[in-house]
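Student: Can we go through this one? Start with whatever terms I need.

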Amino acid sequence: MTVKFTINGVPVEAEQGESVIEVARRYGFEIPSLCHHHAVTPYGACRVCLVEITKGGRKKMTTCCNYEVQEGIEVITDNEDIHRNRATVLELLLAEAPKADAIVKLAAEYGVTHSRYALPEGSEPTEERDGCILCGLCVRVCEEVVEVSALSFNARGDKRNVGGPYMDTPQNCIACGACAWACPTNCIGFEEKDGMRILKKWNRELPLEYTEAGQPLAPRFQLRHFIEKANLPKDFYKKGGPR
Ligand code: SF4
Ligand code: SF4
Ligand code: FES
């Protein structure tokens, strides 16, 4: 069913079930986002996608990555209030991830170059403040795209974090690296060394499979996962170099 509403006064059309952010972007309106990816369920964690929505004469500020389109709503994607609120959100995020390029850059666009909530200069990152903004993108990608559900949120309050169950090494992890690619603060990352793919944040190391020419192909468990999912022949990826 088609839903009609306006964005910044421009009449737009969307399919029922679409989110405001997806429709706004399709029509060329810019809205910042950090925890949103069209391939996974919205979570509304980072709050930088704040917009103003008027419905039935009532105006409210809300995140729009997790706001479904509705007939007749009026969406405003930027004004002084929205700008100020996004700047505050970015100041908080900057304190959590002061070295994350995406956040530093976005914060600067909103005039935020320093955070009042930052750790004192010279402090070492802690387990809880290692650049993770708890956006949950890694958890959702692992569950909904990779379909192994190796990650989850753990603990509460100040201690809340992401990782394997009870912060142990995620035993289901196939070291595919999708979480690292998706992470907006780049705080997961991985390296390949001595025939292994290493994801330090998850304390996970898995052996790589090689091409016949000796080039690293992918972690062995990841290839097995693909073979299973796509119902491919067991020898689909030929073994090559070091084991
Ligand atoms: S690397 Fe591991 S934790 Fe990350 S998405 Fe892949 S399976 Fe999940
Ligand atoms: S590790 Fe990255 S993707 Fe996962 S919750 Fe933290 S910031 Fe988000
Ligand atoms: S992009 Fe909407 S809350 Fe993060």
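Tutor: On a 1 Å grid over the protein atoms alone, a cavity is a set of points where a 1.4 Å probe fits but cannot get out. A molecule sits in one if more than half of its atoms lie within 2 Å of its grid points. The model is predicted: local features need pLDDT of at least 70, and side-chain atom pairs count only at pLDDT 80 or more, while totals for chains, interfaces and linings use all residues. Residues are numbered from 1 along each chain as its sequence is written.

Student: Which cavity does ligand 1 take?

Tutor: Ligand 1 takes the largest cavity.

Student: And what surrounds ligand 1?

Tutor: Residues with a heavy atom within 4 Å, among them Cys142, Cys173, Cys176, Cys179 and Trp202. That shell has ten nonpolar residues, one polar and no charged, with Cys counted as nonpolar and Gly as polar.

Student: Where does ligand 2 sit?

Tutor: In the second largest cavity. Ligand 2 has 14 residues around it, and Cys132, Cys135, Gly136, Cys138 and Cys183 are the closest. Its shell holds eleven nonpolar, two polar and one charged.

Student: Switching to domains. What are the bounds?

Tutor: Domain 1 is 2–77 and domain 2 is 137–230, from an automatic or database assignment. Each gives eight residues to the contact (heavy atoms within 4.5 Å).

Student: How much area is buried between domain 1 and domain 2?

Tutor: About 680 Å², with 58% from carbon and sulfur atoms; this is accessible area (1.4 Å probe) lost on being put together, summed over both parts. On the domain 1 side, Leu34, Val40 and Tyr43 supply 62% of the area buried against domain 2.

Key
Chains are lettered from A and ligands numbered from 1 in the order in which they are written. Side-chain values use heavy atoms; hydrogens and water are left out. On a 1 Å grid over the protein atoms alone, a cavity is a set of points where a 1.4 Å probe fits but cannot get out, and a pocket is an open set with protein on both sides within 12 Å along at least five of seven lines; lining residues have an atom within 4 Å of a point. Buried area is the accessible area (1.4 Å probe) that two parts lose on being put together, summed over both.
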